[in-house]
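Student: I would like to learn how to read a structure. Shall we take it one feature at a time?

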Amino acid sequence: MVEARVFPSSRESEEALLGAIIQGGASIYEKVTGWIREKDAFYFTDNQIVWIAITKLFKEHEPIDEITILSKIKESNPNETIAYHVTGLREKVPTTANAESYAKIVWEKYIQRETARSAYQLYKTSFENKQETDNILNNHGRLVEELKSMQPSKKRDIDIIVD
């Protein structure tokens, strides 16, 4: 019997992180963006949609709360029905003081997923194309190194720097 495996993820950490941002606003968002460098860090689609809306609000210098998030989501996805999810996020936060820890967990799970995908690609292409295998191997090595070091990014969005 083959055991089904679920990709590494932490719904609790994703929701606690988003809830912390809703509670703490832009200051919490700024603290965690060193960890969350891509929207794909969020494994669960509903959380990814909320992250995208929060990011847009931050870049537009708008307040970040349940109402503005829902409004931003409706602008780009008029048929999206995650209002109940968004309004419940605030309750999923033990403390906003740990937002960076939640972000680190979310990013670590993302890198683990990407490493697994890369390993599978490496396995598939190792029988076929040497040039493609070399490219995948280089990417895989980068992912493994990031997993080993797990540090937030120093990269900043140019919009934030200009402001």
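Student: Is phenylalanine 42 buried or exposed, and what is its relative accessible area?

Tutor: Phenylalanine 42 is buried, at a relative accessible area of 1%. The cut-offs are under 20% for buried and over 50% for exposed, with partly exposed in between (1.4 Å probe, protein chains only). Keep in mind that this is a predicted model: local features need pLDDT of at least 70 and side-chain atom pairs 80 or more, while totals for chains, interfaces and linings use all residues. Residues are numbered from 1 along each chain as its sequence is written, and side-chain values use heavy atoms, without hydrogens and water.

Student: How many helices and strands does the protein have?

Tutor: The protein has 8 helices and 0 strands. Both are DSSP runs numbered from the N terminus: helices are H or I, at least four residues, and strands are E, at least two. From the N terminus on, the order reads α-α-α-α-α-α-α-α. Of the 163 residues in the protein, 39% are buried.

Student: Where does phenylalanine 42 sit?

Tutor: Phenylalanine 42 is in the loop between helix 2 and helix 3. Now look at what surrounds it. Setting aside neighbours within four places in sequence, phenylalanine 42 is in contact (heavy atoms within 4.5 Å) with Glu14, Leu17, Leu18, Ile36, Asn47, Gln48, Trp51, Val106 and Arg113.

Student: How far apart are phenylalanine 42 and valine 106 in sequence and in space?

Tutor: They are 64 residues apart in sequence, yet 6.8 Å apart in space, C-alpha to C-alpha. Valine 106 belongs to helix 6. Valine 106 is buried too, at 2% relative accessibility. Leaving aside neighbours within four places in sequence, the contacts of valine 106 are Ser13, Glu14, Leu17, Ile36, Ala41 and Phe42. Tyrosine 43 is 63 residues from valine 106 in sequence and 8.5 Å from it in space, C-alpha to C-alpha.

Student: What share of the contacts in the protein join residues at least 24 apart?

Tutor: The share is 71%, among contacts between residues at least 6 apart in sequence.

Student: Next, the rings. What describes a pair of aromatic rings?

Tutor: Two values: the distance of the centres and the angle of the planes. Rings of Phe, Tyr and Trp (its six-membered ring) pair if their centres lie within 6.5 Å; planes under 30 degrees apart are stacked, over 60 edge-to-face, the rest tilted. That rule gives 5 aromatic pairs here. In one of them, tyrosine 29 and phenylalanine 58 have ring centres 4.5 Å apart and planes at 35°, so the pair is tilted. Tyrosine 29 is in helix 2 (residues 26–32) and phenylalanine 58 in helix 3 (residues 45–59), so the pair ties together parts 29 residues apart in sequence. Both tyrosine 29 and phenylalanine 58 are buried.

Student: What about tryptophan 107 and tyrosine 110?

Tutor: Their ring centres are 4.8 Å apart and their planes at 45°, so this pair is tilted. Both residues lie in helix 6 (residues 99–125), 3 residues apart, about one turn of the helix. Tryptophan 107 is buried, at 3% relative accessible area. Tyrosine 110 is buried as well, at 6%.

Student: Which residues form an aromatic cluster?

Tutor: Tyr29, Phe42, Trp51 and Phe58 form one.

Student: On to packing. What describes two packed helices?

Tutor: The angle between their axes and the distance between the axes. Axes are lines fitted to C-alpha atoms, for helices over the stretch in contact, and angles run from 0 to 180 degrees between N-to-C directions. Under 35 degrees is roughly parallel, over 145 roughly antiparallel, 65 to 115 roughly perpendicular, the rest oblique. Helix 1 (residues 11–24) and helix 6 pack at about 140°, with axes 8 Å apart. These two helices are therefore oblique to each other. The contact is made by Ser13, Glu14, Ala16, Leu17 and Ala20 of helix 1 and by Ala99, Tyr102, Ala103, Ile105 and Val106 of helix 6.

Student: At what angle do helix 1 and helix 3 cross?

Tutor: At roughly 25°, with axes that come within 10 Å. Helix 1 and helix 3 are therefore roughly parallel. Arg11, Glu14, Glu15, Leu18 and Ile21 in helix 1 meet Asp46, Asn47, Val50, Trp51 and Ile54 in helix 3.

Student: What about histidine 61: is it buried or exposed?

Tutor: Histidine 61 is exposed, with a relative accessible area of 57%. Its place is the loop between helix 3 and helix 4 (66–76). Check its backbone: histidine 61 has a positive phi of about 55°, although it is not a glycine.
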